[in-house]
Amino acid sequence: MIEKKWFVYIVECSDKTLYTGISTDVDKRINTHNNGKGAKYTKYKLPVKLVYFKEFENKSEASKEEYRIKQLKKSDKNF
């Protein structure tokens with residue numbers, strides 16, 4: 001069985017805030033955000049622009065990295 005690759009991604013919202021998430025298809029997820037059907041956080045801060053992504057072997061690894069990034073201060077997110 002072939003496992004899906006997972007990605008952690010960061011988008012910059014129109015108000016210059018950052019949103020971090022995980023997905024198996026980053027392009028599709030960015031389109032979902034920009035269509036107003038993504039996360040509540042991004043819904044009213046459109047458009048969003050992809051500023052970072054990284055691939056992981058499984059969802060668990062991606063989730064751990066997402067959590068780690070979300071704990072950082074914005075000034076520490078140099079992407």
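## The whole chain first

Of the 79 residues in this protein, 34% count as buried. Keep in mind as you click around that this is a predicted model. Followed along the sequence, they come in the pattern β-β-α-α-β-α.

Now show just the C-alpha trace. Along its principal axes, the trace spans about 40 × 30 × 20 Å. The radius of gyration is 12 Å, which agrees with the value near 12 Å for a compact globule with 79 residues. Among contacts between residues at least 6 apart in sequence, 55% join residues at least 24 apart.

The protein exposes about 5,500 Å², and carbon and sulfur atoms supply 50% of that. Colour by charge and you get 18 positive and 11 negative side chains, with the centres of the two sets 7 Å apart.

## Stop one: H33

Hide the surface and select H33, which has its place in helix 1 (residues 26–34). Is H33 buried or exposed? With a relative accessible area of 0%, H33 is buried, the cut-off being under 20%. What is H33 in contact with, once neighbours within four places in sequence are left aside? Select Y9, Y19, G38, A39, T42, L46 and V48 to see those partners. Two of these names, Y9 and Y19, come up again at the next stop.

## Stop two: the tyrosine rings

Ring pairs link Y9, Y19 and Y41 into a cluster. The count of aromatic pairs in the protein comes to three. Zoom in on Y19 and Y41: their ring centres are 6.1 Å apart and their planes sit at 20°, so this pair is stacked. Y19 lies in strand 2 (residues 18–23) and Y41 in helix 2 (residues 40–43), so the pair ties together parts that are 22 residues apart in sequence. As for cover, Y19 counts as buried at 16% relative accessibility, whereas Y41, at 35%, counts as partly exposed.

Some background before you check torsions: most residues other than glycine have a negative phi, and most peptide bonds are trans.

Select L46 and P47. A cis peptide bond joins them, with omega at about 0°.

Then jump to K16, in the loop between strand 1 (6–12) and strand 2. K16 isn't a glycine, yet its phi is positive, at about 75°.

## Last stop: E57

Finish with E57, in the loop between strand 3 (49–56) and helix 3 (59–71). At 46% relative accessibility, E57 counts as partly exposed. Which residues does E57 touch, not counting those up to four places away in sequence? Select E3, K4 and K5 and you have them. For a distance label, pick the C-alpha atoms of E57 and K4: they are separated by 7.6 Å, although the two residues are 53 apart along the chain.

Key:
Residues numbered from 1 in each chain as written. Predicted model: local features only at pLDDT ≥ 70, side-chain atom pairs only at ≥ 80, totals over all residues. Heavy atoms only, no water. Helix = DSSP H or I, 4+ residues; strand = E, 2+ residues; numbered from the N terminus. Buried < 20%, exposed > 50% of the residue type's maximum accessible area, 1.4 Å probe, protein only. Contact = heavy atoms within 4.5 Å. Phe/Tyr/Trp six-rings, centres within 6.5 Å; stacked < 30°, edge-to-face > 60°. Rg over C-alpha atoms; globule rule 2.2 N^0.38 Å. Areas by Shrake-Rupley, 256 points an atom, 1.4 Å probe, with all protein chains shown as cover. Lys, Arg positive; Asp, Glu negative; His and termini not counted. Charge placed at Lys NZ, Arg CZ, Asp CG, Glu CD.
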